[in-house]
Amino acid sequence: MDQSTLGIIGLGVMGRSLALNLERHGFRVAGYDLDPEKTRRFEAGAAGRNLVPCASLEAFLAALERPRRILLMVPAGEPVDAALAALRPHLAPGDLLMDGGNSFFLDTERRAAELEAAGVLYLGVGVSGGEQGALRGPALMPGGPPEAWELVRPVFEAIAARVGDEPCVAYLGPRGAGHYVKMVHNGIEYADMQLIAEAYDLLHRGLGLNNAQLHEVFAAWNRGELESYLMEITAAIFAKTDPETGAAVVDLILDEAGQKGTGKWASQNALDLGAPIPTLAAAVESRLLSARREERLAVSQVLTGPAPQMSADPQEVAATVGDALYAAKVCAYAQGFALLRQASQEYDYRLNLSDIARIWRGGCILRAHLLEDVRRAFDRAPDLPNLMLDPGFAAALNERQAALRRVVALTAASGIPALAFSSALGYYDAYRSARLPANLTQAQRDYFGAHTYRRVDKEGVFHTDW
Ligand code: 6PG
């Protein structure tokens with residue numbers, strides 16, 4: 001029997017979909033799952049295909065070409081360590097292990113170092129695009145030793161999404177670089193989703209647009225500069241009715257957002273590095289607030305504010321919201337890319353920001369028209385300290401900042417929470433401020449803790465006897 005090019009451990013939705021994608025591109029794929037039921041489902045879909053379901057780890061390992069190429073598609077955390085522990089005694093120097101889950105980048109670094117001692121290569125691979133992406137073409141974000149990348153490069157380039165003739169995969173850097181980039185991708189994803197949710201709240205609760213109108217607004221935005229996968233699915237969501245009740249599905253869904261941790265990690269790590277990403281953090285915090293639904297229901301009876309309904313021309317405000325959304329999105333991307341730049345220095349990842357924008361243009365959840373412009377910005381100026389300084393984006397922000405202000409003012413006046421929009425505006429205004437009130441903060445620090453300060457009129461470090 002022919003040996004398999006690649007083996008997948010973990011045959012859940014993502015593992016199975018990737019296997020089918022690989023098979024479609026001519027690769028023979030062995031599959032194994034601890035749960036025999038998942039292996040059986042894989043087997044059912046394998047008939048007539050170049051897929052090799054394996055009932056045991058031994059059979060799986062025997063089915064693979066040498067050096068072995070094994071992709072783990074198991075949940076992040078303990079399951080990855082358990083899979084590695086089970087595999088370890090069977091691996092030979094030169095074998096390649098890849099983790100395609102949303103693993104924490106420092107876990108990836110630790111695992112890579114542990115396996116390196118045994119001569120086993122390890123790649124942390126960010127995989128984005130959900131089930132459909134995995135099946136039809138995901139964006140792939142590999143990080144690890146360059147020789148490991150070369151071992152799978154043709155395979156990954158074949159199965160990744162394509163924009164034009166460019167595959168949405170690139171070698172991103174050493175060690176945990178791939179999972180780091182995926183973490184920031186998800187942080188921006190949270191911000192993008194939260195901005196869209198706030199725009200919906202303003203249009204729906206504030207302006208009274210119904211689902212059919214919301215569908216129209218989002219579909220129209222998706223035809224312009226806001227074109228993106230998230231915009232596309234948002235428009236589709238507003239058009240979906242529940243067959244049982246006839247109501248819009250979106251209106252039947254409880255208003256509490258879940259999260260698995262990648263957005264939180266991005267915020268935690270940004271604080272560790274001292275990188276400001278307020279809109280990404282606001283998106284995490286908005287989810288946390290949403291999840292406290294019982295508390296909110298009780299508090300809604302205690303604390304007051306204005307009624308959300310506003311008297312304004314819905315068409316005209318909708319156009320302003322579209323401009324504000326674009327501006328806020330640019331601010332969120334600017335934060336995410338500035339974090340990548342800082343992390344690249346901190347961890348010596350040598351990230352290429354243009355490559356990252358390029359591979360995010362297709363396959364992944366962030367895919368958007370905007371990313372072509374981001375790519376060009378970093379192509380023109382690889383050392384650009386912040387995306388907002390690119391002449392094209394600066395002009396776009398200068399044109400739309402008034403819209404962003406109007407949206408923040410409208411939400412504030414009507415009591416509609418807009419943590420993401422307001423933090424985007426706050427970031428924009430703070431970053432462009434030649435003078436901030438931090439002189440007072442420094443005075444206070446010096447007052448209560450003799451922390452000293454620098455002066456505007458002379459060099460040196462000073463302390464006042466307050
Ligand atoms: C992707 C998604 C994917 C997953 C996230 C969602 O890029 O395909 O980001 O990785 O949907 O884990 O994260 P939350 O469950 O935290 O929203």
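Predicted model: local features only at pLDDT ≥ 70, side-chain atom pairs only at ≥ 80, totals over all residues.
Local features were required to have pLDDT of at least 70 and side-chain atom pairs pLDDT 80 or more, while totals for chains, interfaces and linings use all residues. Residues are numbered from 1 along each chain as its sequence is written, and side-chain values use heavy atoms, with hydrogens and water left out.

The shell around the ligand holds 14 residues, where a residue counts as near if one of its heavy atoms lies within 4 Å of the molecule. Ser128, Lys182, Glu189, Tyr190 and Lys260 come nearest. By class, two shell residues are nonpolar, eight polar and four charged. Here Ala, Val, Leu, Ile, Met, Phe, Trp, Tyr, Cys and Pro count as nonpolar; Asp, Glu, Lys and Arg are charged; the others, Gly among them, are polar. Helix H8 (residues 177-206) supplies five residues, the largest share of the shell. Helices (H or I, at least four residues) and strands (E, at least two) are DSSP runs, numbered from the N terminus. Domain 1 (6-175) and domain 2 (182-432) each contribute at least three residues; the bounds come from an automatic or database domain assignment.

A side-chain N or O atom of asparagine 102 lies 2.8 Å from a ligand oxygen. For glycine 129, a backbone N or O atom is 2.9 Å from an oxygen atom of the ligand. Lysine 182 places a polar side-chain atom 2.8 Å from a ligand oxygen. The ligand on its own has 410 Å² of accessible area (Shrake-Rupley method, 1.4 Å probe). The protein covers 80% of that area.

The second largest pocket contains about 320 Å³ of space. A pocket is an open set of points on a 1 Å grid over the protein atoms alone, where a 1.4 Å probe fits, with protein on both sides within 12 Å along at least five of seven lines. The volume is the space filled by probe spheres set on the points, which are joined across faces, edges and corners. Lining residues, with an atom within 4 Å of a point, include Arg435, Tyr453, Arg454, Arg455 and Trp466. Six lining residues are nonpolar, two polar and three charged.

Arginine 66 and proline 67 are joined by a cis peptide bond, with omega about -10°. Arginine 175, a residue other than glycine, has a positive phi near 50°.

Notes. Polar contact = N/O pair within 3.5 Å; in protein donor to acceptor, adjacent residues only side chain to side chain.
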